[in-house]
Amino acid sequence: MPAGDEDDTVRWITRAGVAILLIATIALVCYVRLRLADAPLERDEGEYAYAGQLILKGVPPYQAAYNMKFPGVYYAYAGIMAIFGQTAWGIRVGLLAVHLSTVLLLFMWSRRVVGTLAAGVGASAFALLALDRWSMGVFAHATHFVLLPVVGALALMQDTTRAWRLVSAGLLFGLAVIMKQQAITFAAFGIALAIGVRPDFHKVVNHSVEIRPDPLKRGALVTAGIAASLALLLVVLAFEGVIGRFWFWTFQYAAEYVSQIPASLATTVFDMAWTYVTQATAWLWYLGLAGLAAIFMFRWTAGSRVLLAGWFVAAALAIVPGFFFRAHYFIVIMPVVGLLLGVVIASIDRALARAAGAVPARVTALLIFVAIAGIQVQRDSHFLFRMTAPEVMQAVYPGNPFVEAPEIAAYLKAHTAPTDRIAVLGSEPEILFYADRPSATGYIYMYALTERQQFAGGMQEELMSELRSARPTYVVHVDAAASWVATLQPDNRIVTWANAFTAVCYDRVGIVDVNPDGPATIRWDSESIGYQARSKTKVTIFKRHGGTGCDAPGTQ
């Protein structure tokens, strides 16, 4: 039923029901996210936090911390930490602010595209999906920061007759790409949407389709906005003197990175990832996917169909690069899956209205989603309401030293001066962030050094050179597969070298024996002498003792 054809009673029921639904969902989201806000940072969060910390100290991206990601999320973290503080809690509160802004903007805009009922259900479903632990939704991944500018850009394109809106939409699409490269698919979708024959979705939804002239001009305006965002980034990086590092890591090395998994394994990797991501939220995912059929089977406008189907394809393509299908990649598709679930509920409402009347149909449709959401919350209630932060970390990231990282960093901070350099041999940048000490090397991840790619040898040599030159006061050696190897056939020469490096000029002063099923055993100083770790994952802390002639071995 078109919004204009609804009587006052149906409109009141819809507004009241959707308001209650959104308030309840937001309350749940705030409760769960704030309850877990103090959870230790995981690996990606540690990278972003350390890079953001460096930015706040005046150190630009790529100068002292190397990675293939575009720097948008680094600046976002720097802004969040400047406001909320350099703590895990502050970062998660910043994420909550970004996420709630996305949820509310999605609702306010999409109700003009699919109606209030579908928009309210869609925004609520998106918030529930993004709360899922198995998609790593409670952690501040870059994929969260892609969504707000993408939704904002689509909202601006509600009216494509004004040039400033199209350019502004392009700027936001460009910002999304700066947050994470995969968002280029959204930028391409935005350009196609501007060129398309039904550009004005507000008019389309209200059944007054107006074909505007100059479709190529509309596309050019969006493209200009995207280009302006990326050009501004290049100017900033050039001014900071890191354009060369940026180009190498985000283009040259990134091309090697996404070539590791052959296309023949894509379906196998996807099946594994899909099973993992949907293990607690399958109902919501499959009902959302059913919306792709519902929007074409039931009476929906052509504009709504083009927008939602196109958005879904763009989001799906954003998950594909490299065929890694990492769990948090699926976050980028959650808003449109949520809206498609809303389409399913609204389609049920329309079918029931013909048989039972508008008022009973609307009440029933709302109650159906409440029941679905309630079952979802009940099924995952242990995580939502009872699991502690360490339990969540151990469940989602078994065999990783994330829970123990704050204590390791506290020891390092207490035994070093702010200018002392430390080295983390392993991919645990969260230790650097917590310790608030400069890294002795820009290699805050070890994965690139163990991959079978053309730059690995040079990277290994650069790492060794940086460590010899920096002579770090402390070295943290992480003995965990997840901290070193991310490929099927790793080059382990650097792992062997790392073990030898600490044997030359360093004494053991700490040992962390990570227990995947409970608290770790941690020994410091004299208590660490002679302790033998029992688990597969351990972290050893070394203090330098050598004189001027002390050096590290080379690789053989």
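Which residues does Ile 541 touch, not counting residues up to four places away in sequence? Before I answer, a word on the basis of this talk. The model is predicted, with local features requiring pLDDT of at least 70 and side-chain atom pairs counted only at pLDDT 80 or more, while totals for chains, interfaces and linings use all residues. Residues are numbered from 1 along each chain as its sequence is written, and side-chain values use heavy atoms, with hydrogens and water left out.

Ile 541 touches Ile 408, Leu 412, Tyr 474, Val 475, Val 476, Asp 507, Arg 508, Val 509, Gly 510, Ile 511, Val 512 and Trp 524; contact here means heavy atoms within 4.5 Å. Together with Phe 186 and Trp 311, Ile 541 has the most contacts inside the largest nonpolar core, a set of 191 residues. Such a core consists of buried Ala, Val, Leu, Ile, Met, Phe, Trp, Tyr and Cys residues joined through side-chain atoms within 4.5 Å. Buried means under 20% relative accessible area, exposed over 50%, and partly exposed in between, with a 1.4 Å probe and protein chains only. Helix 4 (residues 88-114) supplies the largest share of this core, 12 residues. Helices are DSSP runs (H or I, at least four residues), numbered from the N terminus.

I turn now to the aromatic rings. The whole structure contains 35 aromatic pairs. Rings of Phe, Tyr and Trp (its six-membered ring) pair if their centres lie within 6.5 Å; planes under 30 degrees apart count as stacked, over 60 as edge-to-face and the rest as tilted. Phe 248 and Trp 249 are edge-to-face, because their planes meet at 85°, with ring centres 5.5 Å apart. Trp 249 is buried, at 3% relative accessible area. Phe 270 and Phe 330 make a tilted pair, 6.2 Å centre to centre and 35° between the planes. Since Phe 270 belongs to helix 12 (residues 266-277) and Phe 330 to the loop between helix 14 (302-319) and helix 15 (334-356), this pair ties together parts 60 residues apart in sequence. Phe 270 is partly exposed at 30%, whereas Phe 330 is buried at 2%.

Finally, consider Tyr 66, in the loop between helix 2 (43-56) and helix 3 (72-84). Tyr 66 is buried, with a relative accessible area of 5%. Beyond its neighbours within four places in sequence, its contacts include Trp 249 and Tyr 443. Its side chain makes polar contacts with the side chains of Arg 245, at 3.3 Å, and Glu 466, at 2.5 Å. A polar contact is a pair of N or O atoms within 3.5 Å; within protein, one must be able to donate a hydrogen and the other to accept it, and residues adjacent in sequence count only if both atoms are side-chain atoms.

How values were computed
Helix = DSSP H or I, 4+ residues; strand = E, 2+ residues; numbered from the N terminus.
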